[in-house]
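Please look over the sequence and the model below before reading on.

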Amino acid sequence: MTIKAIGISGSLRKASTNSGLLRCAKANLPAGMELEIVDISAIPFYNGDIAAGDRPAVLLELLAKIAAADALVLACPEYNYSLAPALKNVIDWASREADNKVLNGKPVAILGAAGGMGSSRSQYHLRQVCVFVNLHPLAKPEVFANAFAGGFDANGNVIDEAISKNVAAQMVALQEWTKQLQK
């Protein structure tokens, strides 16, 4: 059985190192696993008025993809010591579906690139959000990359072998974690 994962980057920049981590993950998947990276740039900020009315097609398509996925891979940048609003917004929309059916019980790998401590603070906050929406984050290996230490090229692609190996190891662990949770 193939594990199907959805990758979401909390950074909307074209040359995002967080999106680069997702591309690295996709390039280093174990056999029997697929990763679709989705674009969240057109998703409106959560608004109860929009939620109660005609929700945009781009939002409905994203929610359907998340619901159909076996696992999530969340690339979590760090904005002011916390997670990026774009990523939190997607989680907020998904959590509003009836009975939290889109997120409930889904395994998730969290990785991120930022300055200094490589998004560790934002990943900690994201893990707290995961508790409330009943996502099941993978514990190890953790992927924290310093976005400014030479591990990425000008387009945000991973060029550091150690980062690439860590991302690949995380994808193997996510595959196993997903299988374990599906039992």
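## Parallel strands around β3

Strands β1 and β3 run parallel and are joined by 5 bridges, where two strands are taken to pair if DSSP finds at least two bridges between them. Helices (H or I, at least four residues) and strands (E, at least two) are DSSP runs, numbered from the N terminus. This is a predicted model, in which local features need pLDDT of at least 70 and side-chain atom pairs count only at pLDDT 80 or more, while totals for chains, interfaces and linings use all residues. Residues are numbered from 1 along each chain as its sequence is written, and side-chain values use heavy atoms, with hydrogens and water left out.

Together with helix α1 (residues 17–27), β1 and β2 make a right-handed β-α-β unit, right-handed meaning that, with the strands pointing away from the viewer, the path from the first strand over the helix to the second runs clockwise.

Strand β3 is largely enclosed by the rest of the structure, because 5 of its 5 residues are buried (buried means under 20% relative accessible area, exposed over 50%, and partly exposed in between, with a 1.4 Å probe and protein chains only). Both faces of the strand are covered, with Ala 71, Val 73 and Ala 75 buried on one side and Leu 72 and Leu 74 buried on the other.

Ala 75 lies in this strand, which spans residues 71–75, and it is buried, with a relative accessible area of 0%. Leaving aside residues up to four places away in sequence, Ala 75 touches Ile 8, Ser 9, Gly 10, Asn 18, Leu 22, Leu 87 and Leu 111, contact meaning heavy atoms within 4.5 Å.

Which elements cover the buried residues of α4? The cover includes β1, α2 (48–52), α3 (57–68), β3 and α5, and the helix is mostly covered, as 9 of its 11 residues are buried. Among the buried residues of α4 are Leu 87, Ile 91, Trp 93 and Ser 95.

Two packed helices are described by the angle between their axes and the distance between the axes. Helix α4 (residues 85–95) and helix α5 (residues 120–133) pack at an angle of about 5 degrees, with their axes 11 Å apart; axes are lines fitted to C-alpha atoms, for helices over the stretch in contact, and angles run from 0 to 180 degrees between N-to-C directions. The two helices are therefore roughly parallel to each other, a term for angles under 35 degrees, with those over 145 counted as roughly antiparallel, 65 to 115 as roughly perpendicular and the rest as oblique. In this packing, Leu 87, Lys 88, Ile 91 and Ser 95 of α4 meet Leu 126, Val 129 and Val 133 of α5.

## Backbone geometry in the loops

Most residues other than glycine have a negative phi, and most peptide bonds are trans. Ser 119, in the loop between β6 (107–114) and α5, has a positive phi near 75 degrees although it is a residue other than glycine. Ser 119 counts as buried at 1% relative accessibility, and its contacts, not counting residues up to four places away in sequence, are Cys 76, Pro 77, Glu 78, Gly 112, Ala 113, Ala 114 and Phe 144.

Asn 100, which is found in the loop between α4 and β6, likewise has a positive phi, of about 55 degrees, without being a glycine, and at 14% relative accessibility it counts as buried. A cis peptide bond joins Lys 140 and Pro 141, with omega about -5 degrees, and Pro 141 is found in the loop between β7 (136–137) and β8 (143–146).
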